[in-house]
Every structure is written in structure tokens, then in C-alpha cells.
Amino acid sequence: MRSIVALAISIALSASSWAQSEITVSADAEVSAEPGIAEFHLSIIARQPLATESFKTYLATYNSLQSSLKNLVDTTKIFTDNLSVTPSFDYKKPEKITPDYYQVSAIMNLSVPISQMNQVLEKITAVEGVTINGIQFRAKEQDRLQTEALEKAVAKAHEKAATIAKLEGLSDLKVKNMSTSFVRPPVPLYGARMETLGAIPSLNASDVTVSVTITATYTATPK
């Protein structure tokens, strides 16, 4: 009986000596590149007493935008992300059941090469009723930037985990799980309104920066 108990204790101690430990580390990395694309974030808002009139006003502004840009860019690349028709009521007159006006709102974006940015800016600001909500700069190979930033962050995390493992007398380092968080370039705002932007002669594109932060958990065993 004693020999069986001793064997069981020996096996338990052996299993304990090979139990896995966990190491959790975080790391970040940043990659920059020259911008190759300027993405314009645009909107058109029209308000009229009737929904049909409001839509006609919106459509006239949209057609003017296309006409202004037609000799410079492919106007089929003006993408509408959202178009809505909303009735507006005067909350001070709850008895009134007809709207004061109908609002047609459209949100659009247009991507052009950096070389055309200021020409496009000039054409857009010449159209009354169009609002520029922001201009975002992107690299031509945006996905490559994200991959490069991720690879750098992973390498830093592994280096940290390896250093900790060495200090703790651990080996056989393996990834258990990993979470990532990307920070993409913000959309810079330039006063938004067309009449404000009309006073800006040109814009200078800054470098595009992609940042990533990762948190990784590794397993390791005693040497």
C-alpha cells in the first residue's frame, strides 16, 4: 500500500513540475507612409415644404456636383452611403399634424489621387449646397501598412514574453491567444462648410500612419 501511495505522490510531483505557466504581454507598433489617395466625405441637405420638392432640390445639387467634376474625375465613383427623407414637425405645435418641411439628407464619399486633391476641392466648393465634412488621406497600399504594423507589434510582444520566460526559467513558449486593436488615420475636418472651405487655396496631405496594439498570452513550461 505504501509503495502505491509513494508512486502516486511521485507522479503528482512530476506532473506539477511540468505544469504550464502563462505569460501575458502587450506591445504596439506604428507604420507611416506617404499618402496616395484623398477621400472626400460629402453631404447634401435639402429642405422644402413637400417631400417631392425637397428631393428635386437635392437632385439638382447632386447633378451640379457631377457636372462640376465630370472633366476631372469619374463621377460614377461618387458613392452615396446613405440617403434619407425625414419630415420635421414643430414641437411647440403638437396639434399640427403636417410637417413644417421635409429634409432630404445624403452622405457621400469620393476618392481621388492626391495629385488631384486641390483641383477636386476647388470644384466641390464651387457647388452651392454641398458640404465637405472631412478629407481622409490613405496610402495606396493601406492593407500592407496594417500588416506591417501588426508584424512589428507581434515581434515586440514575443520578445517581451521570451525575456520574461528566460527570467522565470521557462521554455517552450507558445501563443495561447492574442487580441489586436488598430487605430486608423482620423478624418481631418476643415471647417466643413463650403463657404469656409472656399477661402482655403490648397491643402497639404500629411503622412498616413497606422497604429496597432496587441495583447498576447503565451504558455510556457519549466525547464
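Buried means under 20% relative accessible area, exposed means over 50%, and partly exposed is what lies in between (1.4 Å probe, protein chains only). Keep those cut-offs at hand for this tour.

The model is predicted, so local features need pLDDT of at least 70 and side-chain atom pairs count only at pLDDT 80 or more, while totals for chains, interfaces and linings use all residues. Residues are numbered from 1 along each chain as its sequence is written, and side-chain values use heavy atoms, with hydrogens and water left out.

**Stop 1: a surface patch**

Select L59. It sits in helix α2 (residues 51–69). Helices (H or I, at least four residues) and strands (E, at least two) are DSSP runs, numbered from the N terminus. L59 has a relative accessible area of 35%, so it counts as partly exposed. Together with L59 they make a nonpolar surface patch of about 240 Å². Patches take residues with over 30% relative accessible area and no salt bridge; like charges are joined within 9 Å, and nonpolar side chains (Val, Leu, Ile, Met, Phe, Trp, Tyr) within 5 Å. Accessible areas come from the Shrake-Rupley method with a 1.4 Å probe, and for residues only the protein chains shown count as cover.

**Stop 2: paired strands**

Colour strand β4 (residues 101–113). Strand β2 (residues 37–48) pairs with β4 in the antiparallel sense, over twelve bridges. Two strands pair if DSSP finds at least two bridges between them. Pick E39 and look across to S111, its bridge partner in β4. Next, show strand β3 (residues 79–88). β3 and β4 are also antiparallel, with nine bridges. Here V85 has V104 as its bridge partner in β4.

**Stop 3: the core**

Which residues touch the most other members of the largest nonpolar core? Select F40, L42, L69, V120 and I124, out of 46 residues in that core. A nonpolar core is a set of buried Ala, Val, Leu, Ile, Met, Phe, Trp, Tyr and Cys residues joined through side-chain atoms within 4.5 Å. Elements that each supply at least two residues include β1, β2, α3 (117–125), β5 (130–138) and β7 (208–222). The largest share, seven residues, comes from β7. In soluble globular proteins, nonpolar side chains tend to be buried together.

Centre on F40. Beyond its neighbours within four places in sequence, its contacts (heavy atoms within 4.5 Å) include M108, L110, V120, I124 and I132.

**Stop 4: salt bridges**

How many salt bridges does the structure hold? There are five. Each is a side-chain nitrogen of Lys or Arg within 4 Å of a carboxyl oxygen of Asp or Glu.

Start with E22 and K176. Their closest N and O atoms are 2.4 Å apart. E22 lies in strand β1 (residues 21–33) and K176 in strand β6 (residues 170–183), so the pair ties together parts that are 154 residues apart in sequence. E22 is partly exposed at 49% relative accessibility. K176, at 48%, is partly exposed as well.

Move to K174 and D172. Their salt bridge is 3.9 Å, N to O. K174 is partly exposed at 45% relative accessibility. Shared partners also join E141, R144 and E148 into one salt-bridge network.

Finish on E148 and R144, whose salt bridge is 3.0 Å, N to O. They are four residues apart in helix α4 (residues 142–167), so about one helical turn separates them. E148 is partly exposed at 28% relative accessibility. R144 is partly exposed at 41%.
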